[in-house]
Amino acid sequence: MKYKAGAIEGKWQKRWDDERLFRCPDDLSAPKYYCLEMFPYPSGRIHMGHVRVYTIGDLIARFKRMRGYQVLHPIGWDAFGLPAENAAHRHGTHPAKWTYENIDFMRQQLKELGISYDWEREFATCTPDYYRWEQLFFLWMIKDGLAYRKRASLNWCEECQTVLANEQVNRDGTCFIHDQTPVTQRELDQWFLGITKYADELLAGHEELRGGWPENILEMQKNWIGRSEGAEIDFPLPGGGKITVFTTRPDTVYGATFMSMAPEHPLVMEFARKAGREKEVREFVERVARQDRIARTSEDLEKEGIFTGGHCVNPLTGKEIPIFAANFVLYDYGTGAVMAVPAHDQRDFEFAKKYRLHVEVVIQPEEELSSETMTCAYEGPGRMAGSGPFTGKDSEEGKRDITRHFEEKGIGRGKVQYRLRDWGISRQRYWGCPIPVIHCRKCGIVPVPEKDLPVVLPEDLPYTREKGNPLALADSWTRVACPSCGAQARRETDTFDTFFESSWYFLRYIDPKNGLEPLDPAKMKAWMPVDQYVGGVEHACMHLIYARFFHKYLRDRGLAHGNEPFQRLLSQGMVCMATQECPKHGWRYPEEVDAAGMCMQCGEKVAVGRSMKMSKSKRNVVEPSALVERYGADTARLFSLFAAPPEKDLDWSEQGVEGAFRFLGRAYRLVAQRQKAVSAASRQAGDSGGKGRRVRQVTHRTLRKVTGDIEERYHYNTAISAIMEMVNFLYLVEDGEWESPETSPALREAVEVLLLMLSPFAPHLADELWEKIGCEGMACRQPWPEADDDMARAEEILVVVQINGKLRSRITADADATEEEIRSMVLNDPRVREYTEGKTLKKLVYVPRKLVSIVTS
């Protein structure tokens, strides 16, 4: 009875397709469940990292169908953007051709895995039928004052030939796609979305998400949004004008002894010129400009600065204080200038000590501080000192009083500030959604009339990066009449950031064929929110923030329903694999290295590196097609779910794959070899005693655990382990018992429950064996079985506890409890602890299922 995965899987995939098994009607006939994985970029082939995401989602979708839900489980393609364009560039082809070919290939890969998608809802974001609606959203945002254009210094990736949002820059200052390419700064006219207008609501929404989202994701978003309450304060300049700063510690303004300013701030060079310090200040400014922006904000960065030659006036002390250009201040964060209070800010303290600047203590803790003896800044609360009329006040009270004083004098105001910046959505690239505006010399920026949407991206342009964005050179496309005055004008040649497309796709899945409006509000109300979203933690501060923002905006427009788009979030870990590097040819794929560990191209010894996230750039990927061909889709699925808990990283292991394949073969033979006996057995398991009862106990205990592991705990690996243990148990049943009237009903029940439990994990195998034992329909269409709690309840035993020969306690334990578990229960029993506290435990003897004897000194 050989397990032939290929034949089995081909058979059932055809059956599922023929019966449109996973199609989800719009009208609800059962409780709804919207299950969604983050959709893929069709920039290459699917590898095992993708398989893990889609398998987790499919397990949930299949389980919920069996639980009686009407499940919406759609798929589509995040088809625009840099990943596809960069891949096409590397392969010397056109992005459109590359994208559509990959979609066809990846679609087949996903179907080979047996993922239960409703393929009738499939779409690609690079089609006008999709992006026409986001162009409409953008026009609405212009009208609502949410979309605007301004000149700004922005992140630029030379390899991508486009700008990047702050969220797309790695912490080491490199591009999030090309992790070896440093990101530099460029000044460009760009389109922005006012996401900061929703900053408070994005933070407040975390309370609604708590319990359904991982805490680390919420914390990452909270830190990224970075809400700070404080005051904005004006520091006058001696010759007129002012510098405005933001601080969260208005109670320390009396201790501000110098000003730190971003080197990029236009006043820096102005001060330097007036003071005759232009040469040395310019050298410093140019040197800092070459430093990584992210690293400049790091606590580990060496603090550097230079006196600009300028001064400002502390508005409370009236004293002039020097203005320094400092490498740790960024121009686009806050006002680009920071009041420095070295006694109460560690960064300022280090800077003041380095450049011998005055330190003034204005907050005193219980143990009084002296600026002469301080070795570090005191950043906590305390009593205000040296603070004029505010001296002696509690520092928290002082924050409020000083802010009120500033407001009364007109030199400051209370303010809330965010680390979050407005979202720059312009990209200087070809393969993206055209931004629907027209530039007219007479009228300025003119939105494209809604009736003229979509502005279609011309897919027949020759694609090259030698002369920048091909759209800018396509005169036949860019030249257009101004909608306002009719004069010759030009289309906008920038395209949307690809995160624009992925910020609302989950809504369009609900209504994908609607040609009259982007979203039907009634359908949105019926199906939103997404009940379960699955995707990587790397999207915590990009896609997940943008999607929440878009949802809230569309809610305010009357299209989306509810405050949050994703009720529950599962962030799966990465699939990792050791890298292999040849000294001559760099990273090598596994198939490019021979059995002796030599590069097959040059014969050099290949160095095996540490396990890293699967990545084509590192050539440490395993494509599932070869795996499916050799072992079958159910093996690939089972390995992805069993090798590690879903939230942890998974290390690729060929031995692990083979182990999963062996188990499925073992499960197949268990049932196939006994199919006649199982088919012939009665379904009335009843309340059989003896061996039949033991079979039923194992069945229902396993079912109870697997149900809880899937539904409540996300512990898919331990659910599979429990199923494996049940298979092992059934192999120990003697052949005659499979046909005995006393035990065969319980064994039939066990096999049926086993196959239903296997169905979400290995659906092809489960349906095949379900048919073999003569059951009607398919396993995947059956209701999930209910565990009999009375049968699942473990048999209990009473264990007597003696201490130094005298009966001191009794404990109740499961009959299956191990000696270690019994020992732990006894030693933690309150009565036992009463008699053993402060004494030395000399001996503990366990008589199984009866007695524990303890001897103490």
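**Notebook: aromatic rings**

I started with tyrosine 69, which at 32% relative accessibility counts as partly exposed (buried is under 20% relative accessible area, exposed over 50%, partly exposed in between, with a 1.4 Å probe and protein chains only). I am working on a predicted model, where local features need pLDDT of at least 70, side-chain atom pairs count only at pLDDT 80 or more, and totals for chains, interfaces and linings use all residues. Residues are numbered from 1 along each chain as its sequence is written, and side-chain values use heavy atoms, leaving out hydrogens and water.

Next I looked up ring pairs, and the structure holds 44 aromatic pairs (Phe, Tyr or Trp rings, the six-membered one for Trp, with centres within 6.5 Å; planes under 30 degrees apart are stacked, over 60 edge-to-face, the rest tilted). Tyrosine 69 pairs edge-to-face with tyrosine 33, at 5.7 Å centre to centre and 65 degrees between the planes. I found tyrosine 33 in strand E1 and tyrosine 69 in the loop between helix H2 and strand E2, so this pair ties together parts 36 residues apart in sequence (helices, H or I, at least four residues, and strands, E, at least two, are DSSP runs numbered from the N terminus). Tyrosine 33 counts as buried, at 8%.

Then I turned to phenylalanine 138 and phenylalanine 496, an edge-to-face pair with 5.2 Å centre to centre and 65 degrees between the planes. Phenylalanine 138 is in helix H5 and phenylalanine 496 in strand E21, so the pair ties together parts 358 residues apart in sequence. Phenylalanine 138 is buried at 0% relative accessibility, and I noted 0% for buried phenylalanine 496 too.
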